[in-house]
Amino acid sequence: MRIDVKRELRSSHEPLSIVVGKDIWDLYVFGVTRVQRDWWVQLAVVGPRACEVTVRVAGAIDRAGAAHEIVALVTEWLRDDGTSDHVFLERPPAIPEAYAS
C-alpha cells in the first residue's frame, strides 16, 4: 500500500530537523506500528530530496532509546546514501553473549 506523503505531511506535527553534512533534513513521523515487541516507524525525510523511510526498532528499547536509535540510523543512512528515495533501516540484533565466541 502506497501512502500519500504530501497529505500526511500536511496533517503531521512539527518535524524534527537534523543536520547531516551541510544539509538540513526534516523528519516527519507519519506511521507507528507495534508488531510483537518491535516498533515499525514510517518517516518522511525531507531535505535536498524527499525520501520515505521505514525503521524497525527492537522492542527492548524504551521510547527515548528508540527515538535516539531512529535518528542515528537515519543520519547514518543520509551520510552514506545519496540516491535512494525509499529505504528500510534496522540495526542487526545483538548476539547474546552465550553464542559469541
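Tyrosine 28 is placed opposite alanine 44 of strand β3, strands being DSSP runs of E with at least two residues and helices runs of H or I with at least four, numbered from the N terminus. The model is a predicted one, in which local features require pLDDT of at least 70 and side-chain atom pairs count only at pLDDT 80 or more, whereas totals for chains, interfaces and linings use all residues. Residues are numbered from 1 along each chain as its sequence is written, and side-chain values use heavy atoms, with hydrogens and water left out.

Strands β2 and β3 run antiparallel and are joined by nine bridges; two strands are taken to pair if DSSP finds at least two bridges between them. Both belong to an open sheet of five strands with mixed pairing, in the order β1-β2-β3-β4-β5. Because β1 and β5 stand at the edges with a single partner strand each, one side of each has no neighbour in the sheet. From one strand to the next, the twist averages 30°, with axes fitted as lines to C-alpha atoms (for helices over the stretch in contact) and angles running from 0 to 180 degrees between N-to-C directions.

Phenylalanine 88 touches Trp40, Thr54 and Arg56, residues up to four places away in sequence not being counted, where contact means heavy atoms within 4.5 Å. Between phenylalanine 88 and valine 41 there are 10.0 Å, C-alpha to C-alpha, at a sequence separation of 47 residues.

Helix α2 has 18 residues and spans 26 Å from its first C-alpha to its last, close to the 26 Å expected at 1.5 Å a residue; the expected span is 1.5 Å times one less than the number of residues. Its buried residues are Ala66, Glu69, Ile70, Leu73, Val74, Thr75, Trp77 and Leu78, and their cover includes β1, β2, β3, β4 and β5.

Beyond four places in sequence, valine 45 touches residues including Trp25, Leu27, Val53, Val74 and Leu78.

How values were computed:
Buried < 20%, exposed > 50% of the residue type's maximum accessible area, 1.4 Å probe, protein only.
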